Amino acid sequence: MLAIFGKKKLSADKVAQALVHNLVDSAEQSFPDVAGFINDSPEFERNPKVDGKDYGKFLMVIAAGNFAYMPPYFQGGEEREIMQCAVRKLAPVYEMSEAACEQKIKEYRDFMSRVNHPSKNVLYAMSKGVFFKYGLNEFQNEYFRAMNTPNPIFLKNLDEIMKNFLWDWEVFNERYRVVADVA
């Protein structure tokens, strides 16, 4: 009913709460399937034996990817406020301080940007982040292992999975408006 009169108003804190809850829940619930996909990928010579419960690096990759994906969809520092609130909510998940969590996310973003260079596609960066953070290069055939680059078939298939972990900020902005304070 409110949609008839305009967009629903949400504070940056509420947006961050929803984002972090969704990311943590998605990582926890979905990583066993992602690990299964990785372990069963025919592009590897040997099974990487990625543990389906080891989703910490995966969660950091999808958090860093979503933070990198966010800026074009917000104005006036809204994305920075959402990110700061999200870091405040994500830090306890990793049992670290807010400053340490923010630094870790920055390190992941920088790493993902480096391994994805020259492309600026966040989705590709997330897939490469998973590939390198889980040490998958050593399980590839000699050709790709020597190049230290993911097999493009594996990467394309991982991209299809990773796109499910990016928030659709365009749809979010069609339905919601971030405000300084919701009464």
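**Loops, helix packing and a pocket**

Tutor: K49 is found in the loop between α2 and α3; helices here are DSSP runs of H or I with at least four residues, numbered from the N terminus. This is a predicted model, in which local features need pLDDT of at least 70, side-chain atom pairs count only at pLDDT 80 or more, and totals for chains, interfaces and linings use all residues. Residues are numbered from 1 along each chain as its sequence is written, and side-chain values use heavy atoms, leaving out hydrogens and water.

Student: Is the phi of K49 positive or negative?

Tutor: Positive, at about 55°, although K49 is not a glycine. Most residues other than glycine have a negative phi, and most peptide bonds are trans.

Student: Which residues does a cis peptide bond join?

Tutor: H117 and P118, with omega at about 10°. P118 is placed in the loop between α5 and α6.

Student: Why is the meeting of the R46 and E138 side chains called a salt bridge?

Tutor: The term requires a side-chain nitrogen of Lys or Arg within 4 Å of a carboxyl oxygen of Asp or Glu. For R46 and E138 the N to O value is 3.7 Å, so the pair meets the rule. By this rule the count comes to 9 salt bridges.

Student: What makes the R46 and E138 pair a tie between parts apart in sequence?

Tutor: R46 lies in the loop between α2 (12-40) and α3, and E138 in the loop between α6 and α7 (142-147), so the tied parts are 92 residues apart in sequence.

Student: Why are α3 and α5 called roughly perpendicular?

Tutor: Their axes, lines fitted to C-alpha atoms over the stretch in contact, with angles from 0 to 180 degrees between N-to-C directions, cross at roughly 75° and come within 9 Å. Roughly perpendicular covers 65 to 115 degrees, so the term applies to α3 and α5.

Student: Which residues of α3 and α5 meet?

Tutor: With contact taken as heavy atoms within 4.5 Å, the meeting residues include M60, A64 and F67 in α3 and I105, Y108 and M112 in α5.

Student: Which residues lie nearest the centre of the largest pocket?

Tutor: R109, M112, S113, K120 and A125, among 14 lining residues. A pocket is an open set of points on a 1 Å grid over the protein atoms alone, where a 1.4 Å probe fits, with protein on both sides within 12 Å along at least five of seven lines; lining residues have an atom within 4 Å of a point. α5 gives the most to this lining, with 4 residues.

Terms used. Helix = DSSP H or I, 4+ residues; strand = E, 2+ residues; numbered from the N terminus. Parallel < 35°, antiparallel > 145°, perpendicular 65-115°, else oblique.
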